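Colleague: I have a model open and would like to learn how to read its features. Could you take me through them?

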Amino acid sequence: MKKDGTWLLSTGHFLNDFYCNFLPILLPIIMPQLGISLTVSGLLVMVLSITSNMMQPVFGYVMDRHNLSRILIPVIPFGAICICSIGLISTKAMLFIIIAFTGLSVSAFHPLGSTLVAKTAPSERQGRSMSYYIAGGNLGYALAPIIVIAFLDRFSMAELPWLMVPAFLFAFVCLKSGLTRFSTVAEQAKGKVFHLREVFHNAAILRLNVAMGLRCCTHVSMSTLLPLLLVSHGYSCILSGTLLTFFLVGCTVGGLVGGYLGDRIAHKRIIIIALTLAIFPTVYFYLHPGTEPLSLIALFLTGALLLAPQPSSLVWAQRAMPGSEGMASGMMLGFSFGLGSLGTAITAALGDQIGLTPALLISSLTLPLAAICTVFAPFPQKK
C-alpha cells in the first residue's frame, strides 16, 4: 500500500531550505573574523548558488537511474553539520569548502524529495502535494533569518551547532517512516530512459525551462535586492528584513494556492494567469516601496503570484519527462533559480548604472515574456 510521505518530506524541505539561508545572516559576523572582503563574500554567495541550484539536474539525472532514496536519511544532517560549524573554522579555504558542501546537500535533497512526493502522493493530488512540499521549503527559507538572529542574540557562534538537533530528529523519523523503501528510479525508466540530450530536442521542456527561468529573474531579484531597495528609501535594516520575510510568506501562500488550483483548473492555465497578473503588484511595489497598506498588499501579492506557478511547473516537467522525474525536479527547483541568479546579477549591475528602482522595473519585464513562453509550450497529456 502506498504511503503518503508529503508531510514528512515537506518538513524535510523546511529544514533543507532553513539551513541553506544561514549564510546571509552569518556573513556580517564572519567577515571581520576572517578578514573577508565584499568581493570574497560575493564569491561565497556564487559558490552556494552554483552548488545548491545548478547541480540539482545532475543529482536528479543520477537518481533517475540509480536508487538513492537511502540518502534521504543523512542528507539534511550533513548540510546542517556543514553550515552550523561555520563559527568554528579559522581559514577562508575551509569556509569555501563547507559552503560548497552545504549547497551540495541542498542540490541532493530537492530532486530526491520531490521525486518521493510524486511517488507517494495520490495522482489526483499531485499539484496540492507538490505545493505543500514547496511551501515547506519557502517557509523554512523565510524563517531562517528570524530564528538565527534570535539564537545569536542569546548565544555565541560557537554554540550554533545546537541548531543541528532538528536535522538529526528528522533523520531518525525518516529512518522509522519507511520512505526509503520507495525507489527513486521510475517504472518507466526500466523500458525507456530519458537521456540528457533529449532535453535539447524537446521544445516543450525547453520552453518551460525558459519560462520558469524568466520568472525566477524577477523572483530572485526581488528576494535578493528588496532590503537594498528599502534601505535606499530610508527604511532600517530590521524593517527591511521583516518585509523580506513578509514577501517570502506571500510566496509560501501563493505556492499552496497555486498547487491547489492547478489540480482543480489546469496547471498550464494557472501558470499563465499567475505570470500575467504578477507584473501589476510587482511594478506597483517598485514604484511605491514601503509600509503603506497598498504597498504591503502589492508586496504580498507579488510573492504569491511569483510562486503560484512552481507546483504546476513541477507536475508539468515530471509528466513531460517520464522516467526522469528527478532531473525534471532539478530543472524546476534548481536550474531555473540558477538562471534567476544570473538575471539578478545583471539587474544589480544595471542598478549601479541607472539606479536600483529602474533596474528592478526592467527586470519585471521578464514576467510577460515568461507567460508568452508558457502559452507556446504544449502541456503533456497524462498517460
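Colleague: What area is buried between domain 1 and domain 2, and what part of it do carbon and sulfur atoms give?

Modeller: Keep in mind that this is a predicted model. Between domain 1 and domain 2, about 2,500 Å² is buried, and carbon and sulfur atoms give 68% of that area. The contact draws 30 residues from domain 1 and 32 residues from domain 2.

Colleague: How many salt bridges are counted between domain 1 and domain 2?

Modeller: The count is 0 salt bridges.

Colleague: Which helices supply at least two residues each to the side of domain 1 that touches domain 2?

Modeller: They are α3 (38–54), α4 (56–65), α6 (92–120) and α7 (126–154). Of the elements on that side, α7 gives the most, with 14 residues. By class, the side of domain 1 that touches domain 2 has 14 nonpolar, 11 polar and 5 charged residues.

Colleague: Now to helix packing. How are two packed helices described?

Modeller: Two numbers do it: the angle between the axes and the distance between them. Here, helix α2 (residues 23–34) packs with α7 at an angle of about 35 degrees, and their axes are 9 Å apart.

Colleague: Which residues make that contact of α2 and α7?

Modeller: From α2 come Ile25, Leu26 and Ile29, and from α7 come Pro145, Val148, Ile149 and Leu152. By class, the contact of α2 with α7 has 7 nonpolar residues, no polar and no charged.

Terms used: Residues numbered from 1 in each chain as written. Predicted model: local features only at pLDDT ≥ 70, side-chain atom pairs only at ≥ 80, totals over all residues. Heavy atoms only, no water. Contact = heavy atoms within 4.5 Å. Buried area = accessible area lost by both parts, 1.4 Å probe. Salt bridge = Lys/Arg side-chain N within 4 Å of Asp/Glu carboxyl O. Helix = DSSP H or I, 4+ residues; strand = E, 2+ residues; numbered from the N terminus. Nonpolar A, V, L, I, M, F, W, Y, C, P; charged D, E, K, R; others polar. Axes fitted to C-alpha atoms, helices over the stretch in contact; angles between N-to-C directions.
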